[in-house]
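Hi,

Here is the structure I promised to pass on. Have a look at it first, and then read my notes below.

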Amino acid sequence: MHGPHTPHIPHSPREHPRPTGEPPAAGWHPTAARPDPARPDTAPPDPARIDPAVLSALLARHGWRRRGGAPGRYARWTPPGGSATVGTSLLVPDSRSFPDCDDLIGEALTALERSSAPSAREVLLGLTLAADEIRWHRDVPQGPSGAAAWTVQEQLRTAARQTLLAAALAVRGRAGYYGARHRRQAQASLEGVLVAPAAGGRTLTAFAPVDTCRPIAVRLYHALQAAREAIDYQRATGGMEAFDTAVQAGVSRELTEAVIALVRGSEGARIAVEWSPAAGVPQGCAPRGEPVEFSPGDLPALREAGARYLKDEPSVPVRITGAVVRMRRSGPRGEGTVRLRVLAGAEVPHVRVALDEDAYRTAGHAHLVGLPIRVVGRLESRGGFRRLSDASHVVPVQVDEAERDRLMKSLYENLDFFEDACGSGD
């Protein structure tokens, strides 16, 4: 039913005219929005579950322009750079109280699905997945037809991946340098992130799901701000003290290397974090953060900060339980080196340990009967926290039968890696 003073939004353009003074919207079609078989990941969501305010916010974010409409009732949107001609606009209600809201939103989703505008897919993805958007942009020379070289695109993707990993590492704990620590867990936390490259290869957008990745987006937001402030301080005063305090905001050697990779070979770069309209703005963050910009002139400060983080990160006392996967020593007697697959005690996948003769023998016996060992030492930052120094208290560790069978199976499948007295030096 429609109120006596509200215009009816028809289901077919042949039946009734559109609202007075408005041209037909793009994709205005009597059929409902349907998935594109070639792009199943961009299937429009259920119109009944779409908040018109969220749709409008996403259109504005991705450069669509609001051109007229009835104030307080509906608006007409045109694509970035498009004109307000037939077939190029969307009609979006201002709220769900508008008559035929679901029909109007459904037709807008159909239009987005069929649109050739690169931003249309990103709007659809933002509607389908409640996600924060992280956007990288590099100022690089244009190639033929405005495209960027393949190597330039790869540099952008690599830098973006490094940036997200640095933020995910900072969520696990603050450090100036992580090396191999927390890497598996950080990489696993990024599995839900989706990436939508923009045309030209100079811009890349990542969609970080709010339910799993918002802490990463928030940490990146604060870390980028702190890095920018630390660079400005260093360039103004020559002091590096601001980089020391920036660690608590999430700045690390991993982040400085990511920014260096993003800026190197370009005229400048910027990173923006924009919050999901559906989830709202996280506490302590600006509603609309301006992109954080970096220039080639920032590279010396970033390189110096990275070297400082690497040098100053201390070794960590640990007690590691691990399965022996490789043994080497130069002769039939004396000290040797073992490689452990870490089961507990440190957030690294493998460590290398130098052992005296007795400890080396203990490790070999444990390996042969399918038992892990426990060892106390210091995880050295040098080499990326992959080496244990001052090793002591090496003892076999009892495990349940299932784990022991698994370790024994691993032993027999990898006999070529088990090098004892005949092995070469490490």
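**Salt bridges and what they join**

Searching the whole structure turns up 19 salt bridges, a salt bridge being a side-chain nitrogen of Lys or Arg within 4 Å of a carboxyl oxygen of Asp or Glu. Before the details, a word of caution: this is a predicted model, where local features need pLDDT of at least 70, side-chain atom pairs count only at pLDDT 80 or more, and totals for chains, interfaces and linings use all residues. Residues are numbered from 1 along each chain as its sequence is written, and side-chain values use heavy atoms, with hydrogens and water left out.

Helices (H or I, at least four residues) and strands (E, at least two) are DSSP runs, numbered from the N terminus. Which of the two partners is buried, glutamate 274 or arginine 288? Glutamate 274 is buried, at 11% relative accessible area, while arginine 288 is exposed at 60%. (Buried means under 20% relative accessible area, exposed over 50%, and partly exposed in between, with a 1.4 Å probe and protein chains only.)

Then there is arginine 333, which meets glutamate 357 in a salt bridge at 3.6 Å, N to O. Those two are 24 residues apart, with arginine 333 in the loop between strand 9 (316-328) and strand 10 (336-344), and glutamate 357 in helix 10 (residues 357-368). Arginine 333 is exposed at 63%, and glutamate 357 is partly exposed at 26%. Glutamate 357 also forms a salt bridge with arginine 361, with the closest N and O atoms 3.3 Å apart. Those two lie about one helical turn from each other, because they are 4 residues apart in helix 10. Arginine 361 is partly exposed, at 37%. Elsewhere, salt bridges with shared partners join Arg61, Glu122, Glu133, Arg135, Glu274 and Arg288 into one network.

**Cysteines**

If you were wondering about disulfides (a pair of cysteine sulfur atoms within 2.5 Å), the count is 0. Cysteine 213 is buried at 1%, and cysteine 285 is buried too, at 11%.

**The cores**

A nonpolar core here is a set of buried Ala, Val, Leu, Ile, Met, Phe, Trp, Tyr and Cys residues joined through side-chain atoms within 4.5 Å. The largest one has 57 residues, and those with the most contacts inside it are Ile134, Trp136, Leu164, Leu220 and Val251. Helix 6 (residues 210-237) supplies the largest share of this core, 12 residues. Leaving aside neighbours within four places in sequence, leucine 164 is in contact (heavy atoms within 4.5 Å) with Ile134, Trp136, Leu190, Val193, Ala206, Ile216 and Leu220. There is also a second, separate core of 25 residues, which includes Ala180, Val324, Leu340 and Val353.

Two strands pair if DSSP finds at least two bridges between them. An open sheet of 3 strands runs in the order 1-2-3, paired antiparallel. Its edges are strand 1 (65-66) and strand 3 (90-93), each pairing on one side only. Strand 2 (residues 74-78) and strand 3 are joined by 4 bridges, and arginine 76 has leucine 91 in strand 3 as its bridge partner.

In their hairpin, which has 5 residues between the strands, glycine 345 takes a positive phi near 105°. Strand 11 and strand 13 are parallel over 2 bridges, and valine 353 has leucine 388 as its bridge partner in strand 13. Strand 12 (residues 373-380) and strand 13 (residues 387-396) are antiparallel over 6 bridges, with glutamate 380 opposite arginine 387.

Strand 11 has a covered face of Val351, Val353 and Leu355, and an uncovered one of His350, Arg352 and Ala354.

Cheers
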